[in-house]
Amino acid sequence: MANINDKLILKLEIAAVKARKQIIEMLYKAKSGHPGGSLSAVDAIIALYNVHMNHNSKRPKDPNRDRFILSKGHAAPALYAALSQQGYFSEKELQRLRSINCMLQGHPACRYTPGVEASTGSLGHGLSFAIGMALSGKLDNQSYTVFVMLGDGETDEGQIWEAAAVASHYKLDNLVAMIDRNFLQIDGNTEEVLRLESVKDRWLSFGWHVIEIDGHNMEEILQALNETKAIENKPSMIILNTIKGKGISFMENNIDFHGVAPNDMEYQIAMDELNLHQKKLEVSK
Amino acid sequence: MKKILKNPRNAYGEKLVELGSKHPDLVVLDADLSKSTKTIMFAKEFPKRFFEMGIAEANMMSVAAGLAASGKIPFASTFAVFATGRVYDQIRMDIAYSHSNVKIFATHGGISVGKDGASHQMIEDIALMRVLPNMVVLSPSDYTQTGKIVECMVEHEGPMYARIGRADAPVIYSEEYIKQLEIGKGMIVEEGDDATIIACGTMVDAAIDAHKMLQKKNISTRVIDMHTIKPIDEQLILKCAKETNAILTIEEHSIIGGMGSAVAETLMEKNRSNQITFIRMGIKDQFCESGNPEDLLEKYKLNKTYIVQNVQNLLKNQ
């Protein structure tokens, strides 16, 4: 259970802005990748690895570790930023994202990258994979928790609802899922492409414990994760209300930045904005 | 001599129970077909290690991969048609690409499923699984071999696919004889030097019958049980190309992409000096239909009579 205080929140906010800079840097160098969904998902991922997950980068295969599955695999840069900050590999590796002979594949690949638990990128699989890990934990009476991040558009996939039913049926209270609810998918607003609302009611009706929060507010993220620890006999779903492209003015809520890397000028503006934000946070320290 | 019939599905269920005691990490998943696949035997013996996944095969395959990633040895079972085509992407990403230690064990492969018709007659599974990197593809032929193959699957680290049929099948091997079986090594079931019949799964028994019929016509055929389709036993194929004059392959599968294709690929690329004639027997790029297994195998020309005809033609055309 995390002891939430202003100092911790500020530390996480600074780690998150650093991760955003790493994401932009990575995508700019790679000249391809997905900024929008990486920027909306990154705050919760940073909070998980810094506070809530019991893990050690020196023992990435420790059987008792908490696990994180990035089911929306296109947000790989957010995961890679968090893993490098946690020491799973050198920050230098980030420069080579998507290059030949590189450990950082375009989408997460468990056979390439230390700390990556599952190979994702084809949407809809991660929740099921996480269920397998959670079932194994229950079978062995291990105390670890499996965390999984889904995209909101990703829940169009039928497999998600097969998994939603199974997780509830097996009472997997060692499973915590999150939805990056940024309301945008490639062809437009999620409610216009294929209506998802009420997201909350859907998961409630499948027997999950559901918490809905501001997915960019570190205090709310930590509180929600604390709340899930006390839930028994059912899986938890945290709906993270987020903004696609969060943190960079011209990328926010702009679907054009789903899968397009910043050009020279955009890169410069983005880094300036993030540096300014980081300075403000550090001053308030 | 009258043939003894035994169902390979029972061998699967019984062997899971036997191995379940030896291997505490062995777990089994099924998608509402445990009575047919016989995983129910394991479920009764080890209820905590059996996961009923409901009629949701895609989820089942990814869950199996998650279990494997946590050190378990999962067997995921359903009919061949649902165990491959329906869940191809889940197998590709979570099992093959991830080099996951999942064992996909499918029953009801081929057309001898019978009366349920084309919807349930899987004739593309071997092709689908063979093309996946890292995947080992197996097609055991009788009760005894099925049990041995299940043992090998537990020992072998990495993704594997095995398919058996629905029906009872003549017992070909003794428990003693099958001990020599190795994954990736075809078995010489009958010796001969005029032609080689390479068969897998349900067709091995037909090949042995054809061997006997041809013997009476003074044609000597070698019969190979090619239980492992990937990796294919290239050495044995090339040896047969050298030592016999013709090769015939037969499988209860499409002639596209199956065991016959694997043999053809080997022969075309690696058989440099030996002049042989060659034919693949299988389903000829078409869906089949409802009917008795024997009627179907007759209509689609997959039995001993057609093997005999084809071997004679191969030798005539030299």
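Visitor: Is α2(A) mostly covered or mostly open, and how many of its residues are buried?

Guide: A residue counts as buried if 20 or more other C-beta atoms lie within 10 Å of its own, as exposed if 12 or fewer do, and as partly exposed in between, with C-beta atoms placed from the backbone. By that rule, α2(A) is mostly covered, with 16 of its 18 residues buried. This is a predicted model: local features need pLDDT of at least 70, side-chain atom pairs count only at pLDDT 80 or more, and totals for chains, interfaces and linings use all residues. Residues are numbered from 1 along each chain as its sequence is written, while chains are lettered from A and ligands numbered from 1 in the order in which they are written.

Visitor: What span does α2 of chain A reach, and where is its kink centred?

Guide: Helices (H or I, at least four residues) and strands (E, at least two) are DSSP runs, numbered from the N terminus. The expected span of a helix is 1.5 Å times one less than its number of residues. Helix α2 of chain A, residues 35-52, reaches 25 Å from first C-alpha to last, close to the expected 26 Å. A bend at a residue is the angle between axes fitted to the seven residues ending there and the seven starting there. In α2(A) there is a kink of about 45°, centred on A:V42.

Visitor: How many residues does each chain bring to the contact?

Guide: Two residues are in contact if their C-beta atoms, placed from the backbone, lie within 7 Å. Chain B gives 24 residues and chain A gives 22. On the chain B side, α4 (57-69) and α6 (88-97) each supply at least two residues. The largest share, nine residues, comes from α4(B).

Visitor: Which peptide bonds are cis?

Guide: One of them runs from A:E197 to A:S198, with omega near 5°; A:S198 is found in the loop between α6 (190-193) and α7 (199-205) of chain A. Another runs from B:K230 to B:P231, with omega near 0°, and B:P231 lies in the loop between β12 (228-230) and α11 (234-243) of chain B.

Visitor: Is A:N101 buried or exposed?

Guide: A:N101 is exposed, with 5 other C-beta atoms within 10 Å. Its phi is near 60°, a positive value in a residue other than glycine. A:K171 also has a positive phi, near 55°, and counts as partly exposed, with 14 C-beta neighbours inside 10 Å. A:K171 sits in the loop between α5 (158-169) and β3 (175-181) of chain A.
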